[in-house]
Amino acid sequence: MHEDVIVVGAGPVGLMLAAELRLAGVSPLILERLAEPAPQRKSRGVGPLAFEALQRRGLGERLAAHQPERTAEKARDHGSEKNHFAWIHKIDPSPRDEPDRRGALVWQPDLEAVLAEYAAELGIPVLRGHTVTAITQDDAAVTVTAETAGGRCERTAAYVVGCDGGRSTIRKLAGFDFPGTPPLMTARQARVEITDPDALPPSGRTAAGMLIHGPGMIGVFDFSPDQEEPHGPLTREELQASVRRVAGVDVTVTAMTDTSRFTDNARQVTTYRKGRVLLAGDAAHVHSPNGGQGLNLGLIDAVNLGWKLAAEIRGQAPPGLLDSYTAERHPAGAAVLHNTRAQSALMLPGPHTDALRDIVSDLMDIPEVNRYFGRMLGGLATRYSFPYTPPHAHPLIGRLCPDLTCVVTTGDGELRSARLSRFTITGPFVLLVPAGHPAIAAAAGWRDRLKVVPAAAIDHDQLSAALIRPDGAVAWASAPGRPCDIALMRTALHTWLGAPAASRPPGAAVV
Ligand SMILES: Cc1cc2nc3c(=O)[nH]c(=O)nc-3n(C[C@H](O)[C@H](O)[C@H](O)COP(=O)(O)OP(=O)(O)OC[C@H]3O[C@@H](n4cnc5c(N)ncnc54)[C@H](O)[C@@H]3O)c2cc1C
């Protein structure tokens, strides 16, 4: 066996997953087809959950560097700083009740560069120019075959995770079912120079789709039925033909960069694991980029899987831990496919959709409805269903935790304000409780796998104490002024960390 885990694909999800595995004490190897990182600017940002996941590992500041420029750029390209649903730009990017829970604007190549630097700092090997073409698995291991410029090579690992994007080779080789709905539209977009930009009608809906254009950029959402099956990189001719179908005008594109073509094909694997082969990110789910949700989904797949797979490999996983990855992440993916299908329906050409859009647009002016859309697109409505959660459990159990501000007791007994992310850089379980709280003694048997943070106060009206998993999911919580359910906390620790080590004294909590 060469490695613990082979991660196929050094896109954002593969890099994040490998880092999580490394932090959790196992050895990943990344195999990547491309010799150099892809320059294509697909995503222009990450949603709030993904940004919080990156903040938890200390990467927030590296990503925040270009925020003002990117905000102006987004406003120029989309005609609004607001987020959109089906290109109705009304969603407040900073919800009033949780203003800190917002995404970050960062172009995908910049995000990948930050993650590649982080992976290098963690000592993770990335073999570029390795195209995986075959896998075989048995009860003990998986063998991966890759084609390289120097010939064929084979590597063996305990597990393989396909983070190889929407056309995933691993998904196909391992025989995952990938049901879903075929595309209604093909979108084409690029930064362009056009000889006759004045010929274009204003951005908006047309009889065959939607046209979006601004200084030096054009995007066409083409619902015409008679399109050829697209293949290869987007060409000027193809873009011009699509503009003609959608906007009814002829334009001449003289230069073109940053091209992309995508559809609203919406598919998801039925399970994220087949034996020793797992999938994460676009390899497990594809959908239209409307609403900018792919990375919010894929990066949270990675952080959900990392610590679980590492525990399995270290032989410390309680029964069912690895399969809780599918149980938790499949519904999150299905919810995104669902809302992207709704967005496609709301973008269909025709007077009936025009009428429906007007109504949805009016509804979005109602603050509660606006908040509903924001939480849905940001993934903030995600709540994992844990096996031990009683019917009236604390409302934060199963949710991903924001970067809380706490008042913590330092080693010399002083009180200091600190963000939760200060304590999560290395990816531990965190027990956030006041010093001397009975939960600390109750968790003594897990102290070798748990960081106790003595928080005298938490700046959240629903929290006085919490147990937080490495992926940020709240495993247990207690509300101010309510009895603290220590038995439930111990059940949570058993569920996620397994049996306690032999009893030992609680020891002092150290910040
Ligand atoms: C135009 C556009 C705009 C988008 N905008 C947003 C947005 O604003 N916000 C958002 O969150 N998402 C957005 N997305 C979606 C986002 O880009 C994807 O969800 C994201 O790239 C998924 O990351 P990934 O790591 O799963 O896959 P990828 O980024 O596709 O990475 C997969 C990697 O695997 C490698 N690979 C593939 N096959 C093999 C093989 N056989 N062997 C070895 N390596 C292999 C590839 O070379 C690649 O490096 C957008 C997508 C598009 C197309």
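You are looking at a predicted model, in which local features need pLDDT of at least 70 and side-chain atom pairs count only at pLDDT 80 or more, while totals for chains, interfaces and linings use all residues. Residues are numbered from 1 along each chain as its sequence is written, and side-chain values use heavy atoms, leaving out hydrogens and water.

Now show the whole shell. It holds 32 residues, and Glu-32, Gln-108, Val-132, Asp-282 and Leu-295 are the closest.

Next, pick out the polar contacts (pairs of N or O atoms within 3.5 Å). At Leu-295, a backbone N or O atom sits 2.7 Å from a ligand oxygen. At Asp-282, a side-chain N or O atom is 2.9 Å from an oxygen atom of the ligand. Thr-169 places a side-chain N or O atom 3.3 Å from a ligand nitrogen.

Then move to domain 3 (405-497). Select the contacts (heavy atoms within 4.5 Å): 15 residues of domain 1 meet 14 residues of domain 3. The two domains bury about 1,200 Å² between them, 55% of it on carbon and sulfur atoms; buried area is the accessible area (1.4 Å probe) lost on being put together, summed over both parts.

Which residues of domain 1 lose the most area to domain 3? Select Arg-56, Arg-57 and Trp-307, which together account for 51% of what that side buries.

Technical notes:
Near = heavy atom within 4 Å. Polar contact = N/O pair within 3.5 Å; in protein donor to acceptor, adjacent residues only side chain to side chain. Domains from an automatic or database assignment.
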